[in-house]
Amino acid sequence: MIGAGINSLDDMNASVTAGVGAKRENSVPSSEGTRISIIVPVWNEAPLIRPFLQHVRERAPETEIIVVDGGSSDGTAKLAETFADRIVRTRRNRAVQMNAGARAAGGDVLWFLHVDVELPAQCLDEIGRTLKDPNVAGGYFRIRLPQSPFVYRLTDSFAHYAGILLRMRCGDHGIFCRRQLFEELGGFPETPILEDVEFFRMLHRRGRVAHTRKRIMANPRRYEQIGHVRLTLAYGLIATLYALGAPFSLLRWLYARTCCSIENR
C-alpha cells in the first residue's frame with residue numbers, strides 16, 4: 001500500500017550497512033532463457049517472512065529470491081535465510097532497499113514484491129507473456145482483497161481504473177520490468193514516500209506498462225488495523241494530492257497521521 005515502509009527521520013539518515021550473503025545459485029531460466037529475480041524489502045516481518053517465502057518457492061520455483069532487510073529487530077533476516085538466495089542488509093527506506101536488492105540480483109527481469117501478498121498460479125508465465133511485447137516497458141498485477149467488507153471493492157476495482165487514469169500504481173501490485181531498463185532509469189527515486197508510484201511513472205515515460213490477467217491477493221492487515229473506511233479515504237486523499245503536485249513532505253506527514261498505527265508514527 002501507499003508508503004507502507006515509511007521511515008522515521010533517524011532511519012532516513014542512517015548509513016547503509018554492509019551485508020550481502022549468498023545462499024545458493026538458483027537463477028534458473030524461467031522461460032525462454034529469461035531469469036527472474038524477486039526482490040522483497042522487509043522490516044520487522046517475522047510472523048510473515050517464512051510462510052511468504054515458502055509460498056513464493058512453490059509458485060515461482062525458477063527464480064532468485066533476494067530479501068532486503070532494513071534493520072529489523074525481530075529476527076526477520078535470520079528467518080528468511082532458509083528460503084532466500086540472498087539476504088541484503090541496508091538502512092530502512094523502501095527505495096534504498098529495493099535498489100540494493102536490484103544491485104545484488106542476477107536476473108534479467110526484476111520483480112518487486114511485498115511480503116504480505118499471495119501470488120497467483122502461473123505467475124511467471126504471466127510475466128513472460130507481458131514482457132514479450134517489446135513496446136511494454138514493464139508490468140504489474142491487479143490486486144484482489146477479500147470479498148467483504150464492500151469498501152474493499154473501491155480499492156481493487158474503482159482504484160484500479162483511477163490508477164490507469166492517473167498513471168499511478170503502488171508496490172503491492174508487484175511491479176516488474178527488465179533489468180536493463182531499471183538500470184537506465186536509475187532505479188527507484190529515494191523519496192520518503194510513493195517511490196513506487198514515481199518509478200511507475202518513469203516506466204510509463206519509456207513505454208506501456210501493462211497489467212497481467214491474473215491478480216495478486218493482498219493481505220488486508222493494514223485495513224483491519226487502521227480501519228477500512230479511514231484507510232481507503234486516506235489513500236484516496238494522498239493519491240489526489242500527489243496528482244495535484246503536493247510536496248512529499250506534506251504527503252509523508254499526512255500518511256503518518258492517517259495510515260500508521262500510533263506506535264509506528
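Me: How many aromatic pairs does the count come to?
Reply: This is a predicted model, in which local features need pLDDT of at least 70, side-chain atom pairs count only at pLDDT 80 or more, and totals for chains, interfaces and linings use all residues. Residues are numbered from 1 along each chain as its sequence is written, and side-chain values use heavy atoms, with hydrogens and water left out. Rings of Phe, Tyr and Trp (its six-membered ring) pair if their centres lie within 6.5 Å, and planes under 30 degrees apart count as stacked, over 60 as edge-to-face and the rest as tilted. By this rule the aromatic pairs number ten.

Me: How many residues apart in sequence are the parts that the pair of Trp111 and Phe141 ties together?
Reply: The two rings are stacked, with 5.5 Å from centre to centre and 20 degrees between the planes. Helices (H or I, at least four residues) and strands (E, at least two) are DSSP runs numbered from the N terminus. Trp111 belongs to strand 5 (residues 109-112) and Phe141 to strand 7 (residues 136-144), so the parts tied together are apart in sequence by 30 residues.

Me: Are Trp111 and Phe141 buried or exposed?
Reply: Buried means under 20% relative accessible area, exposed over 50%, and partly exposed in between (1.4 Å probe, protein chains only). By this scale Trp111 and Phe141 both count as buried.

Me: Which residue of strand 8 forms an aromatic pair with Phe141?
Reply: This pair is edge-to-face, at 5.9 Å centre to centre and 65 degrees between the planes. Phe141 is in strand 7 and its partner in strand 8 (residues 176-178), so the pair ties together parts that are 35 residues apart in sequence. Both rings belong to buried residues, and the partner of Phe141 is Phe176.

Me: What is the phi of Leu194 near?
Reply: Leu194 sits in the loop between helix 7 and helix 8. Its relative accessibility is 1%, so Leu194 counts as buried. Most residues other than glycine have a negative phi, and most peptide bonds are trans. For Leu194 phi is positive, near 60 degrees.

Me: What is the relative accessible area of Gln122?
Reply: Gln122 is placed in the loop between strand 6 (117-118) and helix 5 (123-131). It has a positive phi, near 55 degrees, and is not a glycine. Gln122 is partly exposed, and its relative accessible area is 46%.

Me: Which residue's side chain makes a polar contact with the side chain of Asp85?
Reply: Asp85 is in the loop between helix 3 and strand 4 (86-89), and at 0% relative accessibility it is buried. A polar contact is a pair of N or O atoms within 3.5 Å; within protein, one must be able to donate a hydrogen and the other to accept it, and residues adjacent in sequence count only if both atoms are side-chain atoms. A polar atom of the Asp85 side chain lies 2.7 Å from the backbone nitrogen of Ile65. The side-chain partner, at 2.9 Å, is Arg57.

Me: Which residue has its backbone nitrogen 2.7 Å from a polar atom of the side chain of Ser72?
Reply: Ser72 is in the loop between strand 3 (63-69) and helix 3 (76-80), and its side chain makes a polar contact of 2.4 Å with that of Asp69. Leaving aside neighbours within four places in sequence, Ser72 has contacts (heavy atoms within 4.5 Å) with residues including Val42 and Trp43. The backbone nitrogen at 2.7 Å belongs to Asn44.

Me: What percentage of the residues of the protein count as buried?
Reply: The protein has eleven helices and nine strands. Among contacts between residues at least 6 apart in sequence, 76% join residues at least 24 apart. Of the 265 residues, the buried part is 54%.
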